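Good morning, and thank you for joining. Please look at the sequence and the model while I speak.

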Amino acid sequence: MSANPIRAYAAVTAAYWAFMLTDGALRMLVLLQFNGLGFSPVALAWLFLLYEVAGIATNLGAGWLAARFGLAATLYGGLGLQVAALVALTQLDPGWSIPASVAFVMAVQGVSGVAKDLAKMSSKSAVKLLAPSGEGGLFRWVAALTGSKNAVKGLGFFLGAALLALVGFKPAIWGMAGLLAAILIAVVAFLPKGLPGKMKSDEAWGGWRSQDPQVNRLSLARMFLFGARDVWFVVGLPVYFQAVLSDGTAEGRREAFFLTGGFMALWIIAYGAVQAFAPRILGAKSQPEAAIVTKAITWAGYLVPIPFGLAAAVLIAPAPAPWLTATLLIGLLAFGFVFAVNSSVHSYLILAFGDARRITRDVGFYYMANAAGRLIGTLLSGLSCQFGGLALCLATAGAMAATSWWAARRLAQD
């Protein structure tokens, strides 16, 4: 245990904030840049596939690596890899063919995916080991970290769209690489000694799944929860907003960049705020773990009808219309609120279920499932948007939300 847990928590949180700011900005930069170059929805989805595949592979091994070498080492590794990925992306040549551009960006995004999950696993595992016990301390600390992280990522969405419109693609990437490199140097210099997480040398790998059935069930629910979000959030929704907000001119596309990035940034920020306040929303301060499990099941069920209702609205509308756009905005806000509570409860439960002696491996497996859900959602987002439009994206999201609810109900099993 660190001699100064508050300082250690603050340092880890600051590093995670800096990482997620560049992560959100990079996603929006890549999405809007290549959408503006005429890439199809399927091609846009392919740009992010290796990012999610890398997350699956990384999380399977990152928990063991953190346990073997310590959480500080994996945190530094995540930040350093993100700097390398950003620098590599500046080498993209506009004269390359579409297949070459897609392959290069996929590879760089794969490195970024490894970086993200190293940083995420390190930060979340540290909370389990640093948070105070009693009176909902663990839930409050993990909710604050998760919520603030997503608020910062939302700012990154807006930052990416704004930088693309104001300075262009490559200068924006160089600026983010420089900022993150400075943060990495500061974290290495000021992170308190003794950040926990290093296991005894005689402890073994222990298999790719968790030894706790509850962790495995929660991971399954998490996978379909994030698939339900990304199946319409990654490609379908930004492409729809870009289409209805732009008049096709260069100036119109620039304005659409700002409006699309700005709205998605505000959505992520609001989503993070709800996550941070989830313990109060649920009244979880004095409730036992079993009561939180019951709430996780209930709130998973609340999510299911929202995307199905929005899919019906899209099918009714013969073409994009103001009333449909307004309906989608309201539905997105409702989905975000319920999704945020679900996500925050999951983030608490994985740390509550996890054994402190192998917490990095349990968290790594859980976030492997998270990355798998994002991968599935990203792939289905491009395919469904290409062949069925936004209505199919939303219907698929509803089906995945229903599956997440089914998996969450198994948490109540003995």
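**The salt-bridge network**

I begin with R229, D230 and R374, which are linked in a network of salt bridges; a salt bridge here is a side-chain nitrogen of Lys or Arg within 4 Å of a carboxyl oxygen of Asp or Glu. Please note that this is a predicted model, in which local features need pLDDT of at least 70, side-chain atom pairs count only at pLDDT 80 or more, and totals for chains, interfaces and linings use all residues. Residues are numbered from 1 along each chain as its sequence is written, and side-chain values use heavy atoms, with hydrogens and water left out.

How many salt bridges does the structure hold? It holds two. In one of them, R229 pairs with D230, and the closest N and O atoms are 2.7 Å apart. In the other, the side chains of D230 and R374 meet at 3.9 Å, N to O. This pair links distant parts of the chain, since D230 lies in helix 7 (residues 213-233) and R374 in helix 13, 144 residues apart. In general, side chains of opposite charge can pair when their charged atoms come close.

Are these residues buried or exposed? Both D230 and R374 are buried, where buried means under 20% relative accessible area, exposed over 50%, and partly exposed in between, with a 1.4 Å probe and protein chains only. D230 has a relative accessibility of 1%, and R229 is also buried, at 6%.

**The chain as a whole**

Let me now step back. The secondary structure of the protein chain comes to 13 helices and zero strands; helices (H or I, at least four residues) and strands (E, at least two) are DSSP runs, numbered from the N terminus. Of the 414 residues in the protein chain, 58% are buried. The protein chain exposes about 15700 Å², and carbon and sulfur atoms supply 69% of that area, computed by the Shrake-Rupley method with a 1.4 Å probe. Among contacts between residues at least 6 apart in sequence, 85% join residues at least 24 apart; contact means heavy atoms within 4.5 Å.

**Helix 11 and helix 12**

Next, a pair of helices. Helix 11 (residues 305-316) and helix 12 (residues 322-353) pack at an angle of about 170 degrees, with their axes 10 Å apart. The axes are lines fitted to C-alpha atoms, for helices over the stretch in contact, and angles run from 0 to 180 degrees between N-to-C directions. Helix 11 and helix 12 are therefore roughly antiparallel, a term for angles over 145 degrees.

Which residues meet there? From helix 11 they include I306, P307 and L310, and from helix 12 they include W323, L324 and L328. By class, this contact has 13 nonpolar, two polar and no charged residues. Ala, Val, Leu, Ile, Met, Phe, Trp, Tyr, Cys and Pro count as nonpolar, Asp, Glu, Lys and Arg as charged, and the others, Gly among them, as polar.

**Two further residues**

L390 is found in helix 13 (residues 359-409) and is buried, with a relative accessible area of 10%. Leaving aside residues up to four places away in sequence, L390 touches G236, L237, Y240, V314 and L328. Y240 is 150 residues from L390 in sequence, yet their C-alpha atoms are 7.6 Å apart in space.

Finally, P213 lies in helix 7 and is partly exposed, at 47% relative accessibility.

Key:
Angles under 35 degrees count as roughly parallel, over 145 as roughly antiparallel, 65 to 115 as roughly perpendicular and the rest as oblique.
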